[in-house]
Amino acid sequence: MEKIIWDEGFSVGVRHLDKQHQQIVILVNTLIEMNDTEVDSEIISDTLTKMTQFANDHLKTEEQYMLEYGYPGYSIQKKQHQEFKRKTVDFCMETMAHKVTVPTEIFSYLKLWWTNHILTEDMKYKEFFNARGLK
Ligand SMILES: [Fe+2]
């Protein structure tokens, strides 16, 4: 599976959020790499847990900014974040249950979710936050 290649097109114009996105992309890419090389599921599970922690921190930061600045798309994003968190808990459980192979679905879901989250959903707040001085 191809890794996510970060370029300027991924920037949401808020430095702190870009940094968090970059760290998450690195972890998702590490997972994609592990899937290709069939690494032990325990190592995958650890990386998945780490990614989940980074993701939870990031989604919380975003929600705080959205509330603070009165972003109109808050409730839609909040729902997507909750759905993602539910899914990743399932994935962590599944990975721990599978001793040798980890379902490929996990990696493709993560890649698709984060790409869509950054490039489609988060891009919607870029101008909104920038116009209000959050950069
Ligand atoms: Fe985000």
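Mentor: Gladly, and keep in mind that this is a predicted model. Let us start with helix α3, whose buried residues are Gln77, His81, Phe84, Thr88, Phe91, Cys92 and Thr95. They pack against α2 (41–69) and α4 (104–131).

Trainee: What makes the span of α3 close to the expected one?

Mentor: Helix α3 covers residues 74–97, which is 24 residues, and reaches 35 Å from its first C-alpha to its last.

Trainee: Why is Thr104 called partly exposed?

Mentor: Its relative accessible area is 45%. Buried would need under 20% and exposed over 50%, so Thr104, at 45%, is partly exposed. Thr104 is in helix α4, and it is in contact with Met1 and Asn35, leaving aside neighbours within four places in sequence.

Trainee: Why is the pair of Tyr71 and Tyr125 called edge-to-face?

Mentor: Two values decide that. The ring centres are 6.1 Å apart, and the limit for a pair is 6.5 Å. The planes meet at 85 degrees, and over 60 counts as edge-to-face, so the pair is edge-to-face. This pair links distant parts of the chain, with Tyr71 in the loop between α2 and α3 and Tyr125 in helix α4, 54 residues apart.

Trainee: How do you know that Tyr71 and Tyr125 are buried?

Mentor: Tyr71 has a relative accessible area of 10% and Tyr125 has 0%. The cut-off is under 20%, so Tyr71 is buried and so is Tyr125.

Trainee: What makes Tyr71 and Phe128 an edge-to-face pair?

Mentor: Here the centres are 5.1 Å apart and the planes stand at 70 degrees. With over 60 as the cut-off, the pair is therefore edge-to-face. Tyr71 lies in the loop between α2 and α3 and Phe128 in helix α4, so the pair ties together parts that are 57 residues apart in sequence. Phe128 counts as buried as well, because its relative accessibility is 14%, and the limit is under 20%. Tyr71, Tyr125 and Phe128 are members of one aromatic cluster, which also includes Tyr65, Tyr69 and Phe129.

Trainee: What makes His21, His58, Glu62, His117 and Asp122 donors of the iron ion?

Mentor: Donors are N, O and S atoms within 2.8 Å of this metal. The atoms here are NE2 of His21, His58 and His117, OE of Glu62 and OD of Asp122, at 1.9 to 2.2 Å, so they qualify as donors. Along the chain they follow the spacing H-x36-H-x3-E-x54-H-x4-D. Both His117 and Asp122 are buried.

Trainee: How confident is the predictor in the protein chain?

Mentor: The average pLDDT is 94, and 99% of the residues score at least 70.

Notes: Residues are numbered from 1 along each chain as its sequence is written. This is a predicted model: local features need pLDDT of at least 70, side-chain atom pairs count only at pLDDT 80 or more; totals for chains, interfaces and linings use all residues. Side-chain values use heavy atoms; hydrogens and water are left out. Helices (H or I, at least four residues) and strands (E, at least two) are DSSP runs, numbered from the N terminus. The expected span of a helix is 1.5 Å times one less than its number of residues. Buried means under 20% relative accessible area, exposed over 50%, partly exposed in between (1.4 Å probe, protein chains only). Contact means heavy atoms within 4.5 Å. Donors are N, O and S atoms within 2.8 Å of the metal (3.2 Å for Na, K and Ca); water is not among the atoms, so sites may look incomplete. pLDDT is the predictor's confidence in each residue, from 0 to 100. Rings of Phe, Tyr and Trp (its six-membered ring) pair if their centres lie within 6.5 Å; planes under 30 degrees apart count as stacked, over 60 as edge-to-face and the rest as tilted.
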